[in-house]
Structures are given as C-alpha cells and as structure tokens.
Amino acid sequence: MSARVVVIGSGMGGLAAAVELATAGMDVTVLERAGRPGGKLAVIDTLAGPIDCGPTVFTLKPIFEALFASGGARLDDHVRLVPVDVLARHAWPDGKRLDLLADPLETADEIGRFAGPGEAGRFLDFCRAARHVFDTLDQPYLNADGASLAGLLRRAGLSGLPDLIALRPFTSLWKALGGYFQDPRLRQLFARYATYCGSSPFAAPATLMLVAHVERLGVFAVEGGMSTIARAVADLAQRCGARFRFAAEATQIVVAHGRAVGVRLADGDVLPADIVVHNGDIAALGAGLLGAGAAPAAPAMPRLTRSLSAVTWAIAGEASGFPLVRHSVFFSSDYGREFEDLFHHRRLPTEPTVYVCAQDREQDREPGGPERLLVLVNAPADGDLRPLEPQEFARCETATFAHLKRLGLTITAAESRITTPADFARRFPATGGALYGRATHGWSSAFRRPGPRTSIPGLYLAGGSAHPGPGLPMAALSGRLAALSAIRDWTSTARSHRAAMPGGTSTA
C-alpha cells in the first residue's frame, strides 16, 4: 500500500521532501498557508519589479542537482544560475574597501593590497582550514540523519577523531579568526559568517568558518530571482506526482495511539496521513500551535536562544556614490558593541552593519528607471513580545541610511516597503521573528537542532530550524533527509506487516 503523506509548508525543506517522497511512489499532498510556494523565499512587489526579501545567495549547487536528479530532471534545464565573480564588496568607516572574489588567489592579491602580504598568506591558510572543517563535517554531520555528538563520533570513527578535535569546537569564531588575521577589519569580515545562521561571532563556534569554503565552491545569482528556485522545485514535485493546496493552513497534527495520523486544516477539513512532514519552524510545534499531541515532537525555543531577526527595506530607487555589486556590506566601527546590543541588551544597534543586495547588478537590466535594492540590518527576535516603537524604528532608519551615506552610498527611494521583526513573527508563529531557528551559540548548539525523526512515529521535521541548519541548501538537505528517513521507516514497517501471521506472530 502506498503511504499517504501530508507535508506542512512549501519552504525549501518541504519541497525537497515532496520530491523525494513522490518519487518513491507515495501519495503526497503539500499544504501551504500562502498563495505560492517558497516559505522564506518570498518576494515583495514594487514598481521596479519583485524584490527577493528572504535568502539572496545561492550556494552548494550539487545539493540541488542531486534533488533534481532524484526527480528525473536536470537543474540546469529548469533554473539559470549565473556565477558571481565578486562574492561581496565590503566597506569600513575608515574609507577602505575590499572585494571578496570567487578565486581565492585573486582574493589573496586583493587582501595583500588592502592589508599587506602577511595577511594575504594568512588568508590562504584560513581557506585551507575552512576546507578541512567542511570536509570533516560534510558526510558524518551535514548529510547524517541526526545531530547527536555520539552519532558524529561513531560515524567519524577512531581515525577521524583527530580531525574532529582539530575543528576547535570550544573556541568562538571570533577568537579563532584572531589566530589567522592581525588586521581587525579582516577578522570582522570573516566573523560575519556567524550572521549567516543568525548568530553572534563572539558566541558561535569556530566550525562556522566552513562557510568560507562553501563560498569557494561557487556563489550564484538566480535568473528571475530566488523565488524561481521554489517554483522550479514545486513544479518538479508536481511532475513526480505531488499535489499542492495553497491558502490551506494546517492548525493541528492529529495524533492517535501515539503516532501521527493526519492534519486538520483551518476550515475543519482533516487529511488522513501515514506520514506527516512538518516544514514550519519547530518552535511552533514546541509551543503547541499544532496541537498538544504534537508538542512533544520538538522542544520549545526560549526567547534568549532565538537567532537574529532583521529590519529590511525593499526599495525601488536610485543608488549613487558607491560602486555597488550584487552583495555589498557596510561594516560598523565597533562589532563587539553591535552584538552586545543585539543579544544582551535586546535592542537595535546604535551603529549597525548594513547589507545591501542590489538585485539588478551583474545581470541584464533595462536602462533607466529605478533599480531593486534590499537593505537589511540585524535585529533581536522580539517581534512577538516587544514590537518596535515608532521612535525606535525611526532612529534605526536614520542610523542605517546615515551610515550608508558616510561610507559613500546614497539611496533615493521612489518606493520603500519595510519589514520588521513583528512582521516576521506574524509570518512564522512562535519565533518572535527569528529567521534561523535557534542561535548557533556554544559547542553543543549544533546538536540541539532536532533531526528528521521525532518521538512521535510518523511525524518528521524539515526546514532551517531542524538539522542540519539554516540556509537554502541546508533546508533542501533537511527535506531530503526527512524523506529518506520516512521512506526507510515506512518500508521497514510495511515489510514487518507483510511478514506477520494470524495471531500477530511475525516470521521476521
């Protein structure tokens, strides 16, 4: 008998799970509260066109190639990816700028001109260390269907123990970078990798330096915008046999006799299921928002463990005075104070680091007219408990655009659409607006993200708040891991059922 599957949420994790489960011949229905697939891969429509207001960077292409191959297709036939030569342009209050390039040797030359030949050599040492971290964790952690320390040690084996120790899990990213770079600006630049998972570099483990190697493997712009990825994977899932129901909000995971047996919708409809994949933030499960029966499947997320949220401006306008590339970062003068504000004082930074995504750069664009810009600053994830007061937001807006202007960039907006932590909190209930699940703080943080299996048979977890973590490729990987776990469990259960004899005695 084919298993009946309900996937809650069409974020990248849910989409990837739907592809794998439908390919395995299961009867898959994907429920999505919004009117289109994508989850955090959302867009804001402006007079200049749609602006990506979620993930803006595409990396780890092989994960998506493998996903499309599972569905009998080729990624390159459905999505056009454009390699980005300048990974990011960085600017500091001292007036200096530095480009991080796709070619590490060219980047080393840039760093040599920026900070001297010694720092150039130390950058190449850092790249080798980042590759070692990635290679060490790739199979035994990132691609594993669980995130326990015991499991990692078992998969690595005795021969891999020295490599795990060399990862320096008890050292913060900030401290580890001090061993590679003498120039504080370079330390600041590579410390920013902690914010890719919504964390502080002063508390995140040194293992996050693996992000540097992920970027070395290729950064791409997506023709048509990041939401194109979601549409392409949703189309693939449908070709494999999955059905989608949009504007369909799941309100309860029905649990009976200790296992997940269905999903109740806001309109009262109940979809029976043998397998349920939850692709929402796990905080919603732990908070009981999908029913008391499903709450034990995931831990609640205390406020102080939340990752960062953000304030964003989606702007149709004109940028002048600074040579923007697709990704540009304008650093604050005091990184320590910035994260002290965010995580300890739970307030917007007095002087924020500002990220600007110029989505029309490095791709074809009609001459003239406004361009599409996403401006982002980090914020505490307190949108459910303490929405920004008007005066507080006004100070943040003034500080953000004044900081950009001091560093050479003037933005004249014809239209601006603002998103605050309170807006993200409404979109992602029980998170307070946290965009990356739990913050990755401390050596054990990676093991606190739940794996695909839960304590409730038939209920599985996917998405950026589950293992292996946040980010578009990791969410896709989580969906594949959830699907493969469900397929293995269902196959094992079906086999034992087929082997059962009258009276309940098994021949297995």
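## Strands S14 and S20

In this predicted model, strand S14 (residues 275-278) and strand S20 run parallel and are joined by 3 bridges. His-278 has Leu-461 in S20 as its bridge partner.

## The five-strand sheet

S14 and S20 belong to an open sheet of 5 strands with parallel pairing, in the order S10-S2-S1-S14-S20. Strand S10 (243-246) and strand S20 (459-461) are the edge strands; each has a single partner strand, so one side of each is left without a neighbour in the sheet. From one strand to the next, the twist averages 20°.

## Strand S17 and its partners

Strand S17 (residues 354-358) pairs with strand S16 (residues 327-330) in the antiparallel sense, over 4 bridges. In this pairing Ser-328 stands opposite Val-356. S17 is also joined by 4 bridges to strand S18 (residues 371-379), and these two strands run antiparallel. Here Cys-357 stands opposite Leu-374.

## Burial of S17

In a regular strand, side chains alternate between the two faces of the sheet. In S17, Val-354, Val-356 and Ala-358 point one way, while Tyr-355 and Cys-357 point the other way. Residues of both sets are buried. Because 5 of the 5 residues of S17 are buried, the strand is largely enclosed by the rest of the structure.

Methods
Residues numbered from 1 in each chain as written. Predicted model: local features only at pLDDT ≥ 70, side-chain atom pairs only at ≥ 80, totals over all residues. Heavy atoms only, no water. Buried < 20%, exposed > 50% of the residue type's maximum accessible area, 1.4 Å probe, protein only. Pairing = 2+ DSSP bridges. Axes fitted to C-alpha atoms, helices over the stretch in contact; angles between N-to-C directions.
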